[in-house]
Amino acid sequence: MMVDQFVAQIRRLGHGVIDAVMRLGFAARFFMALILASGTGLRRFSLVVREIYFAGFMSLIIISVSGLFVGMVLGLQGYNTLQRFGSESALGVLVALSLLRELGPVVAALLFASRAGTAMTAEIGLMKSTEQLVAMDMMAVNPLARVIAPKFWAGVLSMPLLAAIFSAVGIFGGYLIGVRFIGVDAGTFWSQMQAQVSVRTDILYGVYKSFVFGVVVTAIALFEGFDAPATAEGVSRATTRTVVISSLAILVLDFVLTAFMLGGN
Amino acid sequence: MANDPSIKVECNILVFFHLIYPVTLLYMSSETLVEITNLDFSYPNRAILKGINLSIPKGQVVAIMGGSGCGKTTLLRLIGGMIRAQSGKVCVGGEDIQGMTRDQLYGMRRRMGMLFQFGALFTDLSVFENVAFPLREHTDLPESMIADLVLLKLHVVGLRGAAYMMPSELSGGMSRRVALARAIALDPMLMMYDEPFTGLDPISLGVIGKLIRDLNDALGTTSILVTHDIHESLNMVDYVYFISEGQVVAQGTPDEVRHSASAFVEQFVNGYPDGPVPFHYPAPSLQEDLRMGTRK
Ligand SMILES: Nc1ncnc2c1ncn2[C@@H]1O[C@H](COP(=O)(O)OP(=O)(O)OP(=O)(O)O)[C@@H](O)[C@H]1O
Ligand SMILES: [Mg+2]
């Protein structure tokens, strides 16, 4: 009896591992096919623009509001910490660097995953379960090229822009709190920021990160939708998985990318 | 715009093809359009089709009937090249569907229309845009001509007035008629209907039945009709195949079917619960299953 159960456990473990590896392989093939099918979407750019509206533009409000509050918190916390060392003048630098290098790309990507990523997964999953994708394929129109690739490029293009907006609004929030509310000198706040923030190592690194996050989050969201079992439960699970997997991927990748970037200096 | 010579040429070509269609049909009426030979298909754990043979002549409406789950939808998917069989051949217009590359298959599908069991309209597009979809994707027609064609197709299915509604605002029967208009947008040579009659009231049912017949004859299409509805379909089709347990068990013209001596056909036509068609999905005997339940 004991042995039986043990064997069953091992078998279940093996099954899980094989399943995971298979899904990973399937995802890789999906991604390749997606890239190969991108020609149409880029030729008919209006398709991508439409998706940018849904994925990017519709995320603007949540991105800006979150950015503002994150920036204001940074202003408060930053001032509180810096004044212990008598270096309140560095507040602008602290706010700007935290946002541009870390919080902008990461938090914007997390928000993007839960706002736009879930919407993509649910939409693709529903299109699949109501046979819309098969019907399109049957009309000799490749769903990968017509539906999925435009969403992918829209996500990839929107993500760095959203992160930039997040950081900009965040810096403004830090300014509101630090300068307007607490009374740090405005000249110091901006000039220190201008002197210390480098375009190549700070701003561009943030852009690279958010570009990578854009690719990863959008690809995960689209794959989960495409791979969802064609039932209500399947679609809802896929939507949850989009948030969980892309959040984990963002945080892990952020560490890896940061290590590379700092190591490269 | 109306004086653009290229549009005139396209118009003339369209008219020309519509005029020449019936003539070509006359010459080809004896040919078969779809030929299926010794087709085997199974899902990983279950054989669905076991050596099916059937042929569908050009210009006819052919019904494929059989119990629920016998593999009718699967058969349509095989003809459309959406899935591949383990062995056997599916030829459409003399070309083997299974051996085609994706591009060849897409070329073939442009000339096929399929009405899905649940319509499968694109829910983010209006009725008009749904019908315009194949035209926009596959032709370079100017907007004004697309609009005319779409309204004509919608007129045929009686829903010109619903052109600017969204699919979510339609009833099931209306959705299916819109899907029908979309499927015939490019005047296909082969139409496949998957259960066009389910869930319709008797009037809509008659309307759709007549539509299928009229479209077939007016456009010179060939139609495959998958259905359970024997009484409606016997009135409108040219030929019937019965499928059971993965094989063709009976076939014939509607008259032959009505007078058939086959036990299967008799059960199907009269709807007897007992006969060659089992009611139960294959399973261990009930006693065995239940006793296992009590043991736990
Ligand atoms: N993706 C799949 N994986 C495994 N088995 C499947 C799959 N799709 C269908 N089947 C099985 O194949 C059989 C035939 O399915 P199919 O959809 O072709 O039936 P059908 O004749 O169209 O039935 P209905 O009249 O109810 O629509 C069913 O018994 C079903 O259990
Ligand atoms: Mg079916």
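This is a predicted model: local features need pLDDT of at least 70, side-chain atom pairs count only at pLDDT 80 or more; totals for chains, interfaces and linings use all residues.
**Entry 1. Chain B overall**

I began with the secondary structure of chain B, for which I recorded eleven helices and ten strands. I then looked up burial: of the 296 residues in chain B, 46% are buried. I also noted how far apart in sequence the contacting residues of chain B lie. Taking contacts between residues at least 6 apart in sequence, I found that 64% join residues at least 24 apart.

**Entry 2. The interface of chain B and chain A**

I next turned to the interface and noted that 18 residues of chain A are in contact with 23 residues of chain B. The area buried between the two chains is about 1800 Å². Carbon and sulfur atoms give 59% of that area.

I looked up the charged pairs and found six salt bridges across the interface of chain B and chain A. One that I inspected joins A:Arg146 to B:Glu137, with the closest N and O atoms 2.6 Å apart.

I then asked which elements of chain B supply the side that touches chain A. Helix H3 (102–109), strand E6 (112–115) and helix H4 (127–138) of chain B each supply at least two residues. The largest share comes from H4(B), with four residues. Sorted by class, this side of chain B holds twelve nonpolar, seven charged and four polar residues.

**Entry 3. Ligand 1**

Which residues of chain B are closest to ligand 1? I listed B:Arg46, B:Ser68, B:Lys72, B:Thr73 and B:Thr74 as the closest of the 13 residues that surround the ligand.

At B:Thr73, a polar side-chain atom lies 2.5 Å from a ligand oxygen. At B:Gly69, I noted a backbone N or O atom 2.8 Å from an oxygen atom of the ligand. At B:Glu195, an N or O atom of the side chain is 2.9 Å from an oxygen atom of ligand 1.

B:Asp187 lies in the loop between helix H6 (172–183) and strand E7 (190–194) of chain B. B:Glu245 is in the loop between strand E9 (239–244) and strand E10 (247–252) of chain B.

Is each of these residues buried or exposed? I classed B:Asp187 as buried because its relative accessibility is 18%, and buried means under 20%. I classed B:Glu245 as exposed because its relative accessibility is 51%, and exposed means over 50%.

**Entry 4. A:Thr121**

My last entry concerns A:Thr121, which I located in helix H5 (residues 91–129) of chain A. Its relative accessibility is 1%, so I recorded A:Thr121 as buried.

Which residues does A:Thr121 touch, not counting residues up to four places away in sequence? I listed A:Ala221, A:Glu224 and A:Gly225, together with A:Ala238, A:Thr239 and A:Thr242.

Terms used. Residues are numbered from 1 along each chain as its sequence is written. Chains are lettered from A and ligands numbered from 1 in the order in which they are written. Side-chain values use heavy atoms; hydrogens and water are left out. Buried means under 20% relative accessible area, exposed over 50%, partly exposed in between (1.4 Å probe, protein chains only). Contact means heavy atoms within 4.5 Å. Buried area is the accessible area (1.4 Å probe) that two parts lose on being put together, summed over both. A salt bridge is a side-chain nitrogen of Lys or Arg within 4 Å of a carboxyl oxygen of Asp or Glu. Ala, Val, Leu, Ile, Met, Phe, Trp, Tyr, Cys and Pro count as nonpolar, Asp, Glu, Lys and Arg as charged, and the others, Gly among them, as polar. A residue is near a molecule or strand if one of its heavy atoms lies within 4 Å of it. A polar contact is a pair of N or O atoms within 3.5 Å; within protein, one must be able to donate a hydrogen and the other to accept it, and residues adjacent in sequence count only if both atoms are side-chain atoms.
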